[in-house]
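Subject: Structure for your files

Hello,

Here is the structure I said I would pass on. My notes on it follow below.

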Amino acid sequence: MTADTTTDLDGLDEAGRAKTQQLMKTLTAVARKCETGGHSIEPTSDLDLDHQRMTGLLVGHSVDRALHHSLDCLWGLNQLLVVNGPQHYSPYVLIRGALESAATAVWLLSPDDQTTRLQRRVALEVDNSKEASKAIAAAGHADQDDADQRKRNLGALLRDSGLVLKNCQWHGYGAVVQEIDDAPNTLKSVELAWRTTSGMSHGKLWSFEVFAAESNRRVVGNGAFKADFSPSYHGLSKVLEVAVRTIHRADALFDERRKVTQ
């Protein structure tokens with residue numbers, strides 16, 4: 001590797017480090033709002049009306065939990081970076097978690113149509129129930145699963161809310177990130193950030209090659225080569241920017257839905 005290229009990488013890494021610190025600071029106000037009950041729901045707001053129609057599953061509670069999860073993941077990321085600096089894989093596990101939850105919050109809140117918001121909330125609950133049953137079965141306690149009672153409760157809730165189960169389908173996080181992507185087919189795509197961080201969460205080589213900084217490439221014979229790889233703030237800051245942007249989108253939508261429009 002040439003000296004010029006090394007200097008360029010060092011500069012990119014330092015810029016990425018500064019960008020990472022800046023992005024973390026922008027979350028302070030959102031975190032404070034979550035910690036102090038700043039997302040209170042005003043009477044006759046969209047979320048209040050949602051809750052009146054479907055009292056057993058509150059959209060606002062799900063969004064609040066998603067924001068807390070996103071912020072907790074990034075708090076953990078910040079602690080990791082302060083103590084150890086960038087690592088190859090672990091930061092991306094945390095960013096993926098933050099991005100998935102924030103994207104889900106945006107997905108829940110973005111429809112102007114109330115029925116769509118409620119259908120999406122039910123879809124989350126159906127998926128939650130299925131995953132709970134699988135975990136109980138894996139523990140060897142399938143006989144203690146109250147899945148039938150959950151189905152009866154859900155059926156009553158759907159009838160009271162005027163919803164139909166077949167319209168409340170959960171299609172996974174891939175569908176969620178595609179639905180809410182505000183920069184598709186670009187390097188700032190939510191789907192791109194989610195797929196690359198998911199790849200790192202599972203140790204996929206293609207994703208590792210996206211994020212790792214390569215240096216000292218050398219030919220070792222028969223067309224093969226070796227290189228040194230180090231974790232870098234540059235790529236990390238790019239996907240962190242998408243996750244933070246999505247958290248701010250969720251927070252803004254939360255404010256829009258919980259307040260009365262003047």
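For what comes next, a helix axis is a line fitted to C-alpha atoms over the stretch in contact, and the angle between two axes is taken between N-to-C directions, from 0 to 180 degrees. Please keep in mind throughout that this is a predicted model.

Helix packing

On that basis, the axes of helix H5 (residues 90-109) and helix H11 (residues 233-258) approach to within 8 Å and cross at roughly 25 degrees. Angles under 35 degrees count as roughly parallel, so H5 is roughly parallel to H11. The crossing of H5 past H11 is left-handed. Sorted by class, the residues in this contact are 18 nonpolar, 2 polar and 2 charged.

A second pair is H4 and H6, whose axes come within 10 Å and cross at roughly 60 degrees. H4 and H6 are therefore oblique to each other. H4 also passes H6 in a left-handed crossing. On the H4 side the contact is made by Val-59, Ser-62 and Arg-65, and on the H6 side by Arg-117, Leu-118, Arg-121 and Leu-124. By class, this contact has 3 nonpolar, 1 polar and 3 charged residues.

Helix H3 has four buried residues: Leu-47, Asp-48, Asp-50 and His-51. Viewed down the axis of H3, they fall within an arc of 160 degrees, so they line one face of the helix. What do the buried residues of H3 pack against? Their partners are helix H4 (59-84), H5, helix H6 (114-138) and H11.

Thr-44 is not a glycine, yet its phi is positive, at about 70 degrees. As background, most residues other than glycine have a negative phi. Is Thr-44 buried or exposed? Its relative accessible area is 52%, and the cut-off for exposed is over 50%, so Thr-44 counts as exposed.

Ser-45 is in the loop between H2 and H3 as well, but Ser-45 is buried, with a relative accessible area of 1%. Leaving out neighbours within four places in sequence, Ser-45 is in contact with Arg-257, Arg-258, Lys-259 and Val-260.

Gly-38 also belongs to the loop between H2 and H3. Gly-38 is partly exposed, at 23% relative accessible area. Its C-alpha atom is separated by 9.3 Å from that of Asp-255, which is 217 residues away along the chain. Again setting aside neighbours within four places in sequence, Gly-38 touches Lys-33 and Arg-258.

Elsewhere in the chain

Asn-185 is another residue other than glycine with a positive phi, here near 60 degrees. Asn-185 lies in the loop between helix H8 (173-180) and helix H9 (190-201). The relative accessibility of Asn-185 is 81%, and Asn-185 counts as exposed.

Glu-241 is part of helix H11. With a relative accessible area of 21%, Glu-241 is partly exposed. The C-alpha atoms of Glu-241 and Lys-19 are separated by 8.4 Å, although the two residues are 222 apart along the chain. Which residues does Glu-241 touch, not counting those up to four places away in sequence? They are Lys-19, Leu-23 and Lys-188.

The protein as a whole

The secondary structure comes to 11 helices and 2 strands. From the N terminus on, the order of the elements is α-α-α-α-α-α-α-α-α-α-β-β-α. Along the principal axes, the C-alpha atoms fill a box of roughly 70 × 50 × 35 Å. The protein has 262 residues, of which 42% count as buried. Taking contacts between residues at least 6 apart in sequence, 71% join residues at least 24 apart.

Regards

How values were computed:
Residues are numbered from 1 along each chain as its sequence is written. This is a predicted model: local features need pLDDT of at least 70, side-chain atom pairs count only at pLDDT 80 or more; totals for chains, interfaces and linings use all residues. Side-chain values use heavy atoms; hydrogens and water are left out. Angles under 35 degrees count as roughly parallel, over 145 as roughly antiparallel, 65 to 115 as roughly perpendicular and the rest as oblique. A crossing is left-handed if the near helix is turned anticlockwise from the far one by less than a right angle, and right-handed if clockwise. Ala, Val, Leu, Ile, Met, Phe, Trp, Tyr, Cys and Pro count as nonpolar, Asp, Glu, Lys and Arg as charged, and the others, Gly among them, as polar. Buried means under 20% relative accessible area, exposed over 50%, partly exposed in between (1.4 Å probe, protein chains only). The arc is that of the directions from the helix axis to the C-beta atoms. Contact means heavy atoms within 4.5 Å.
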